[in-house]
Amino acid sequence: MPTIPSVFRNIRKNDVHQRPFKAFKNYVITDPDAIAEKYDLQRAIHKMVTPHVDDATYNYPLNSTDGTNQHVVHNWIDHRYYRYPYDQARCHELTDVMKTEKFLFWNASVFTIPYHQMGERVKPGSLVFQSFITGSSTNKFNRTFTVTGSDDGLGNLRDLEIVSQSFASSSYNSFYLSFNDQYRKFDDNYGLIGITGSIAYKLNSSNKSANISKVRINPGIMVNVSGSVYAPSGLAGEFTGSLNSHVMINHEETFDELQRCDDWGVSFWINPNGLTNTGSVISKYSNTTEAYYNAREGKQMIRAVNKPPIIPGSDISKRRTPLQVSLIGDEIHYQASDGSTQLHISASTSFRGDWAHIFIKNSENVCRLYVNGQTTGTSGSLPKDSTTNYANILLGRDTLDFSLTNRFAYNGKLAEMRMYNYALSDTSIQSLANQNFYSGSLYQSNVLGNIFYKNGQVVISSPMPKYQDVLFTGSFGSDATVTDGTLSGLPNSFKVSYKGQYTIYENNVMVRIPMGSFNVSTNPTSTYRPATGVNNSCNDVGSGAEKFNGPGDFRKTMFITGSAKPYITTVGLFNDKGQMLAVGKLAEPLENRDDIDMNIIVRWDY
């Protein structure tokens with residue numbers, strides 16, 4: 001027997017399902033789209049300036065697009081993403097320290113995508129930008145070239161023109177000291193005064209701090225634009241040639257690797273102030289050790305002993321040191337000694353743009369000196385006995401003992417010092433020495449900036465000068481202005497393409513129709529027979545000729561016998577208060593058979 005007809009039926013909880021899935025929309029932006037508010041473009045410049053006496057204001061450069069202060073934009077980006085790059089409590093977007101290379105230089109181009117142009121976030125790995133730099137652009141070298149950056153899906157924008165396969169292995173880079181982040185400590189007169197305090201360096205991927213004293217921060221390694229045209233990149237430490245100008249790095253066990261007769265390498269860039277300079281560039285022999293009998297302890301012990309430095313390049317066989325680098329005129333000298341036997345390698349340096357790359361490589365019991373990526377042809381073997389000592393590493397001088405008479409300080413610039421605990425190939429050494437304007441790999445990175453997916457923020461910032469103001473250009477005509485030596489003008493011709501991510505929820509509700517259910521209708525024509533009667537006039541009340549023209553008999557028997565076969569055209573979903581939440585129309589009427597159970601899936605997305 002059919003079930004009792006019904007209009008409403010409860011839906012089971014396990015018949016309701018929601019499944020989110022991601023959808024992506026392609027966006028392409030070119031520079032004229034700024035009018036359509038499809039992006040925001042700003043310069044960011046670090047300027048830490050103390051106002052003049054009786055002057056409470058300073059004319060910071062402003063962005064012509066929206067009038068924002070370029071220094072404020074730099075501080076905003078710095079504190080939002082870079083000042084504490086991997087601190088979950090302070091950084092506005094979390095990144096992986098092992099995968100994302102985050103670095104903000106003193107200048108940057110900031111490209112912001114508004115929410116209505118990206119949805120929930122930018123899809124990782126989808127952003128590509130091209131900037132077509134013309135000869136009148138802010139590269140200041142009248143060169144025409146194209147910069148292409150591609151998002152690697154990890155928050156890095158990479159320049160595909162720089163061949164990363166040639167890089168030295170970062171996994172074996174045991175020590176790294178750079179001055180590129182020291183712009184935070186100088187103001188407008190940087191280079192005229194030296195910074196004192198501390199400087200950060202990396203030791204086996206850990207952050208360490210070294211002491212720095214009266215070292216000037218100046219423009220760094222010159223990169224070759226073309227021919228004899230050079231441009232400064234990054235920052236360098238300039239040692240003044242005085243004994244109080246130096247960097248002191250405390251001794252660590254890692255530095256003992258330099259005493260082994262196996263694989264290691266030391267890399268740095270040098271730029272002396274004149275070729276009559278004589279001084280100690282890197283030293284680790286201020287102190288040495290000796291064995292003595294401690295009567296109180298009743299045993300042999302080791303103690304540190306100060307020994308006077310000697311003239312750079314002279315015999316140091318009586319000094320126990322794994323690393324002594326000095327400069328005499330245009331010659332670079334590397335020396336090592338175990339206290340009785342010394343190794344001494346020297347080579348003339350051909351300075352390119354007043355800079356030279358020096359690399360000391362020890363492998364297979366042979367030590368070689370490279371200048372500008374090329375071996376000098378001279379080599380030798382480290383002394384067989386241990387050359388290690390407990391002395392600190394000094395950059396810019398050879399001793400901290402002011403009571404000694406012979407002391408030699410370096411007068412010039414130093415940048416990008418690295419130590420490796422494996423034998424680099426010649427290709428990797430040449431990569432460290434590559435100072436090309438377009439494809440230079442001297443910083444061992446092809447990252448030109450970062451993208452922060454959740455915030456739609458693209459920051460282009462790098463020590464390499466080809467990326468400076470890469471999204472801006474101008475001419476030397478009336479539309480260009482120069483502020484503090486920086487040329488500004490109109491947006492350049494560039495193109496940015498990416499995918500915006502949207503989450504769409506697919507909802508499924510299983511509507512179960514047991515046999516015999518929902519076979520009712522509220523349509524009077526299907527509930528009652530047609531009206532019968534021959535007199536349609538109901539005005540003659542009480543007349544004998546009157547026949548009431550009402551509805552016919554109720555078709556009750558159709559539902560009792562099951563002969564009614566209604567068709568389903570609409571399914572409505574209601575809440576427990578009888579309020580309609582959704583309604584679905586069937587493409588074709590569906591016969592509600594009374595002999596089987598039927599299921600209808602109502603599906604909608606939003």
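Is Asp152 buried, partly exposed or exposed? In this predicted model, whose residues are numbered from 1 along each chain as its sequence is written, local features need pLDDT of at least 70, side-chain atom pairs count only at pLDDT 80 or more, and totals for chains, interfaces and linings use all residues. Side-chain values use heavy atoms, with hydrogens and water left out. Asp152 is partly exposed, because its relative accessible area is 27%, and this class lies between buried (under 20%) and exposed (over 50%), as computed with a 1.4 Å probe and protein chains only.

The protein chain contains four helices and 34 strands; these are DSSP runs numbered from the N terminus, with helices (H or I) of at least four residues and strands (E) of at least two. Of its 606 residues, 45% are buried. Among contacts (heavy atoms within 4.5 Å) with a separation of 6 or more, 69% join residues 24 or more positions apart.

Strand β27 (residues 447–452) is mostly covered, with six of its six residues buried. Strands are taken to pair if DSSP finds at least two bridges between them. Strand β7 (residues 156–159) pairs with β27 in the antiparallel sense over three bridges, and Asn156 has Asn450 of β27 as its bridge partner. Strand β28 (residues 457–460) also pairs with β27 in the antiparallel sense, over four bridges, with Gly449 opposite Ile460 of β28. The hairpin formed by β27 and β28 has four residues between the strands, and Gly456 in the turn shows a positive phi of about 65°.

Helix α1 (residues 70–82) packs its buried residues against β2 (40–45), β3 (107–112), β27 and β28. The buried residues of α1 include His71, Val73, His74 and Ile77. At the start of α1, a side-chain oxygen of Asn69 reaches to within 2.8 Å of the backbone nitrogen of His71.

Salt bridges were defined by a side-chain nitrogen of Lys or Arg within 4 Å of a carboxyl oxygen of Asp or Glu, and by this rule the count comes to 12. Asp15 lies in the segment before β1 and Arg512 in strand β31 (residues 493–513), so the pair ties together parts that are 497 residues apart in sequence. Asp15 counts as buried because its relative accessibility is 5%, whereas Arg512 is partly exposed at 31%. Asp152 is bridged to Arg158, with the closest N and O atoms 2.9 Å apart. Lys466 and Asp159 form a further salt bridge, in which the closest N and O atoms are 2.9 Å apart. This pair links distant parts of the chain, with Lys466 in the loop between β28 and β29 (481–483) and Asp159 in strand β7, 307 residues apart; both residues are buried. Asp78, Arg83, Asp181 and Arg184 are linked in a network of salt bridges.

Ser267, in strand β15 (residues 264–272), is buried, with a relative accessible area of 1%. The side chain of Ser267 makes a polar contact with that of His357 (2.8 Å); polar contacts are pairs of N or O atoms within 3.5 Å, where within protein one must be able to donate a hydrogen and the other to accept it, and residues adjacent in sequence count only if both atoms are side-chain atoms.
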